[in-house]
Amino acid sequence: MAHASACFFSLPHHTLSSSRRNIHSSNQNIPARPPSELPVPIARAASDGSVNLLHAAKRAVDSYVTSGMVVGLGSGRASFLAIQHLGRRLRDGSLRDVTGIPTSVSSASEAAKAGIPLEDYRDSLQIDFAFMDADIIEEDTLAAVIGRRKLEGGESIIQEKSVMKTASNLTFIVPDKQYGKGLDGSIPVLVNTGNWMETAEEIDDLFLGDAEVWRRPTFGHADPHGGNFPLVTSEGHHVLDVIFTSPILDLAQVAKDLDRIDGVVDHGVISSIPSTAIVVSKTGVTVVNNIVETT
Ligand SMILES: O=C(CO)[C@H](O)[C@H](O)COP(=O)(O)O
């Protein structure tokens, strides 16, 4: 089984000229069968929208993966469904010669179970397509936040972002309640451990009144200092959760502001790259993109 490499390099950002950016959305609702027509366990799932999560995961694979591709395998519930579907398509022979690049230890393990041939991420890789769950997606820009979840050893926001930025084509899968404008909640920020408190104070000053900054604990009691067991990631960083209590109006700007602070290594915002979002609701899925149209 391939393990995610801990060695990452700084990769070129894809840039979008804002004047050329043409955001459009296509409402492609896949009608869901009414729960009454479905077998009982699926009917139960339908009522909470998880059948549509499966539709979205299948759609990410069926619309974008073709034989011979190198595919970045995301992390999270929908990504794991997509990994399982990709494994099934490889087993039934409708797809061939696909190589998976896991974004995390858990996606590597899910892919190994699904029988997907894997390679570790490396700087020189060409990744044709990647899919990923997101914690939130900003409407229109499709800037995303990842990494709110508990990191279960070996997980790496840096690795996940490297795979996503390298992919020629990127699709997020997100529930509709996590898609919109002015969403709030936390943004994880990776910081050097030595001067973490100064870094935390600078971030606190930057977002004064809009956010609180808490160091993430490994387990147990949490407080602004990270409790008795503050988390140190596999790459040796602390995670500061910048918890926005006011709506975040411009995620790309938040990312730029964070990038300027000494001691900040990376963060969970991914912005300004061409991407598609498959937005999942109880009634279906909607596909939205921010792809630049060249004329
Ligand atoms: O951080 C993330 C990926 O890096 C995802 O946002 C996270 O895994 C979401 O998980 P789920 O969709 O299962 O709630």
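**Cavity, pocket and strand**

Me: By class, how many nonpolar, polar and charged residues has the lining of the largest cavity?
Reply: This is a predicted model, and the count comes to one cavity of 30 Å³ or more. Ile136, Ile137, Glu138, Gly180, Gly182, Leu183, Ile248 and Leu251 line the largest cavity. With Gly counted as polar and Glu as charged, the lining divides into five nonpolar, two polar and one charged residues.

Me: Which strand gives the most to the lining of the largest cavity?
Reply: The volume of this cavity is about 40 Å³. Ile136, Ile137 and Glu138 are among its lining residues. The strand that spans residues 136-138 contributes three residues, the most to this lining, and is β5.

Me: Which elements give two or more residues to the lining of the second largest pocket?
Reply: The second largest pocket holds about 410 Å³ of space. Its lining comprises 23 residues, with Leu53, Arg77, Asp133, Pro175 and Gln178 nearest the centre. The elements that supply two or more lining residues are α2 (50-64), α3 and β4 (129-133).

Me: Are the residues on both faces of strand β3 buried or exposed?
Reply: Strand β3 covers residues 99-102, with Thr99 and Ile101 on one side and Gly100 and Pro102 on the other. Buried means under 20% relative accessible area. By that criterion, these four residues of β3 are all buried.

Me: What is the bridge partner of Val71 in β3?
Reply: Strand β2 (residues 70-73) runs parallel to β3, and four bridges join them. The partner of Val71 in β3 is Gly100.

Terms used. Residues are numbered from 1 along each chain as its sequence is written. This is a predicted model: local features need pLDDT of at least 70, side-chain atom pairs count only at pLDDT 80 or more; totals for chains, interfaces and linings use all residues. Side-chain values use heavy atoms; hydrogens and water are left out. On a 1 Å grid over the protein atoms alone, a cavity is a set of points where a 1.4 Å probe fits but cannot get out, and a pocket is an open set with protein on both sides within 12 Å along at least five of seven lines; lining residues have an atom within 4 Å of a point. Grid points are joined across faces, edges and corners, and a volume is the space filled by probe spheres set on the points. Buried means under 20% relative accessible area, exposed over 50%, partly exposed in between (1.4 Å probe, protein chains only). Two strands pair if DSSP finds at least two bridges between them.
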